[in-house]
Amino acid sequence: MTRRSVTEHYPDAQPELPPRSRGVIGLFEENCTVCMLCARECPDWCIYIDSHKETVPPAAPGGRERSRNVLDRFAIDFALCMYCGICIEVCPFDALFWSPEFEYAETDIRELTHEREKLREWMWTVPEPPGLDEGAEEAKELGAARKAADKAAQTAEAERLAAHREQPAQETSPAGEAAPAQQTSPSQEAASGEPAPDQPASDQPASDQPASGESAPDQPASDQPASDQPASGEPASGAAPDEDRRDGDV
């Protein structure tokens with residue numbers, strides 16, 4: 001109202017179209033599952049789809065075979081299309097997109113029926129979707145994927161800690177630490193004749209060690225002569241009255 005209208009000099013100057021302009025429909029063939037929703041919901045019946053079924057072998061041994069639809073033809077007659085966008089809205093697998101391209105006029109009306117090869121070429125002219133608002137909530141798909149990744153990481157960490165606890169003690173001991181010396185019992189030491197490695201050997205030579213049944217050299221021998229020593233099994237002198245009587249008889 002406050003500015004003068006200016007005529008754009010098309011085709012010498014290309015117009016600046018808004019990002020959501022409805023020019024032509026592009027097809028992303030890999031996402032199409034031949035569900036036929038777009039063809040059934042189209043009010044002009046200008047979408048033509050042909051397909052056939054193929055049998056897919058089982059993914060694992062012992063599984064059952066599955067069948068899937070294979071796309072043979074996908075065509076849109078833009079001579080009948082009224083650009084309502086219902087086919088794009090009802091597509092559950094994001095196979096159809098709006099492209100801002102509008103220069104596809106033809107001299108023959110039959111050339112306005114675009115087959116899937118032509119629709120695939122329009123797909124490369126589809127602009128990228130606008131970014132999310134900074135204050136918008138995270139998509140549910142991203143939140144579910146993040147939770148699944150965090151749960152898998154926690155499970156892997158728990159399994160690693162459990163395996164670490166089950167390892168033997170010698171594997172978990174720090175590197176460079178010597179193993180404790182094995183103690184030798186006195187009976188094993190006497191049988192081998194060698195002292196234990198962790199106990200110092202005696203400074204006394206082996207020749208000074210007393211034999212079994214001999215008295216130690218540091219203990220004084222008895223002053224009593226051998227003849228005065230009582231025989232084994234006889235009482236000592238002056239200890240019993242029977243010995244006094246035997247001396248009186250002599």
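Where is the place of Ser 21 relative to strand E1?

1. Ground rules. This is a predicted model, in which local features need pLDDT of at least 70 and side-chain atom pairs count only at pLDDT 80 or more, while totals for chains, interfaces and linings use all residues. Residues are numbered from 1 along each chain as its sequence is written, and side-chain values use heavy atoms, with hydrogens and water left out.

2. Ser 21. To take up the opening question, Ser 21 sits in the segment before strand E1 (24-27); helices (H or I, at least four residues) and strands (E, at least two) are DSSP runs, numbered from the N terminus. Ser 21 has a relative accessible area of 14%, so it counts as buried (under 20% relative accessible area, with exposed over 50% and partly exposed in between; 1.4 Å probe, protein chains only). A polar atom of the Ser 21 side chain lies 2.7 Å from the backbone oxygen of Pro 18. Neighbours within four places in sequence aside, Ser 21 is in contact (heavy atoms within 4.5 Å) with Trp 98, Ser 99 and Pro 100.

3. Aromatic pairs. The structure holds five of them (rings of Phe, Tyr and Trp, the last by its six-membered ring, with centres within 6.5 Å; planes under 30 degrees apart are stacked, over 60 edge-to-face and the rest tilted). For Tyr 10 and Phe 102, the ring centres are 6.0 Å apart and the planes at 45°, so this pair is tilted. It links distant parts of the chain, 92 residues apart: Tyr 10 is in the segment before E1, and Phe 102 in the loop between strand E4 (96-99) and strand E5 (113-114). Tyr 10 is partly exposed at 41% relative accessibility, and Phe 102 is partly exposed at 36%.

4. A buried pair. Phe 78 and Tyr 104 are also tilted, at 5.6 Å centre to centre and 55° between the planes. Phe 78 lies in the loop between strand E3 (66-77) and helix H2 (86-90) and Tyr 104 in the loop between E4 and E5, so the pair ties together parts 26 residues apart in sequence. Both residues are buried. Ring pairs join Phe 78, Tyr 83, Trp 98, Tyr 104 and Trp 122 into a cluster.

Methods: A polar contact is a pair of N or O atoms within 3.5 Å; within protein, one must be able to donate a hydrogen and the other to accept it, and residues adjacent in sequence count only if both atoms are side-chain atoms.
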